[in-house]
Amino acid sequence: MGTYQKVHFFETEQRYFTPGKTYPVFKTKIGTIGMMMCYDTFFPEVARILVLEHADLLIISTNWERPKIQDWELCVRARALDNIIPIVAANRIGFDKESDFFGHSRISDPLGTVMSSLDSERPGYLQATIDYEQTRGLRHGYYSIYQDAHPETYSEKWHLQGNMDSKDPKTAVVKAEDAN
């Protein structure tokens with residue numbers, strides 16, 4: 001069907017891998033699927049792009065480690081709510097050298113509510129019924145983020161990315177002007 005290459009690399013991964021540059025979606029029997037891997041989940045823009053490419057469902061495959069359980073759960077819920085989209089998220093369990101993977105795989109509804117989860121640290125299966133019509137209905141009601149958004153105001157500030165550690169606000173402005 002196609003290939004998805006992880007775009008964002010965590011810590012030492014940057015030394016060993018080449019990042020992808022696109023966010024493809026895949027048309028399947030169960031709907032149009034967008035995929036994210038591991039650290040990509042931390043970036044709200046990834047999920048947003050996949051939804052703007054008409055994904056009906058996001059699937060996340062990851063190796064998040066202890067002690068970041070709360071970060072994992074928050075990112076999965078936030079990406080669902082950020083985009084009003086159901087998410088199936090699988091996290092590894094077990095040990096690999098010094099790494100301890102905690103699992104906590106889950107299926108979330110379009111508002112980030114957990115529909116099904118594996119909170120024990122042993123292999124298992126999850127299932128839930130996902131209603132794409134519910135998602136469409138939510139997006140045209142109270143959660144009308146796509147109709148209400150003003151992306152033209154976001155892009156003009158995005159070039160400041162990477163300058164957030166500057167203690168001097170003038171430095172960020174100079175760097176922003178240099179980027180133009």
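Q: Where does Tyr 39 lie in this predicted model, and which residues is Tyr 39 in contact with, leaving aside its neighbours within four places in sequence?
A: In this predicted model, Tyr 39 is placed in the loop between strand 2 and helix 2. The C-alpha atoms of Tyr 39 and Ser 61, 22 residues apart in sequence, are 9.9 Å apart in space. Once the neighbours within four places in sequence are left aside, the residues in contact with Tyr 39 are Lys 6, His 8, Phe 9, Phe 10 and Trp 64.

Q: Is Tyr 39 buried or partly exposed?
A: The term buried is kept for residues under 20% relative accessible area, and exposed for those over 50%. Tyr 39 has a relative accessibility of 24%, so this residue counts as partly exposed.

Q: Which residues of helix 2 are buried, and how do they lie around the helix axis?
A: The buried residues of helix 2 are Val 46, Ala 47, Leu 50 and Val 51. Seen down the axis of helix 2, these buried residues fall within an arc of 130 degrees, so they line one face of the helix.

Q: What covers the buried residues of helix 2?
A: Both strands and helices take part in covering the buried residues of helix 2. Among the strands are strand 1 (25–28), strand 2 (31–37) and strand 3 (57–62). The helices include helix 3, helix 4 (132–139) and helix 5.

Q: What is the volume of the largest pocket, and which residues are the closest to its centre?
A: The largest pocket has a volume of about 640 Å³. It is lined by 21 residues, which divide into 10 nonpolar, 4 polar and 7 charged. The closest to the centre of the largest pocket are Phe 10, Glu 13, Cys 38, Asn 63 and Glu 65.

Q: Which element gives the largest share of the lining of the second largest pocket?
A: The second largest pocket has a volume of about 490 Å³. Of the 14 residues that line this pocket, the closest to its centre are Glu 45, Arg 48, Leu 52, Pro 151 and Tyr 154. Two or more lining residues come from each of helix 2 (44–52), helix 3 (69–83), helix 5 (145–148) and helix 6 (151–158). The largest share, 5 residues, comes from helix 2.

Q: Which residues of strand 6 are buried on each side?
A: Strand 6 (residues 99–102) is covered on both faces.

Q: Where is Ile 84, and what is its relative accessible area?
A: Ile 84 is in the loop between helix 3 and strand 4 (87–91), and has a positive phi of about 50 degrees although it is not a glycine. Most residues other than glycine have a negative phi. Ile 84 is buried, and its relative accessible area is 1%.

Q: Where is His 104 found, and what is its phi near?
A: His 104 is found in the loop between strand 6 and strand 7 (105–108). At 12% relative accessibility, this residue counts as buried. His 104 is a residue other than glycine with a positive phi, near 65 degrees.

Q: Which peptide bond is cis, and what is its omega near?
A: Pro 67 has its place in the loop between strand 3 and helix 3. Most peptide bonds are trans. The bond from Arg 66 to Pro 67 is cis, with omega near 15 degrees.

Definitions and conventions. Residues numbered from 1 in each chain as written. Predicted model: local features only at pLDDT ≥ 70, side-chain atom pairs only at ≥ 80, totals over all residues. Heavy atoms only, no water. 1 Å grid on protein atoms, 1.4 Å probe; cavity = no way out; pocket = protein on both sides within 12 Å on 5 of 7 lines; lining within 4 Å. Points joined across faces, edges and corners; volume = space filled by probe spheres on them. Nonpolar A, V, L, I, M, F, W, Y, C, P; charged D, E, K, R; others polar. Buried < 20%, exposed > 50% of the residue type's maximum accessible area, 1.4 Å probe, protein only. Arc of directions from axis to C-beta. Contact = heavy atoms within 4.5 Å.
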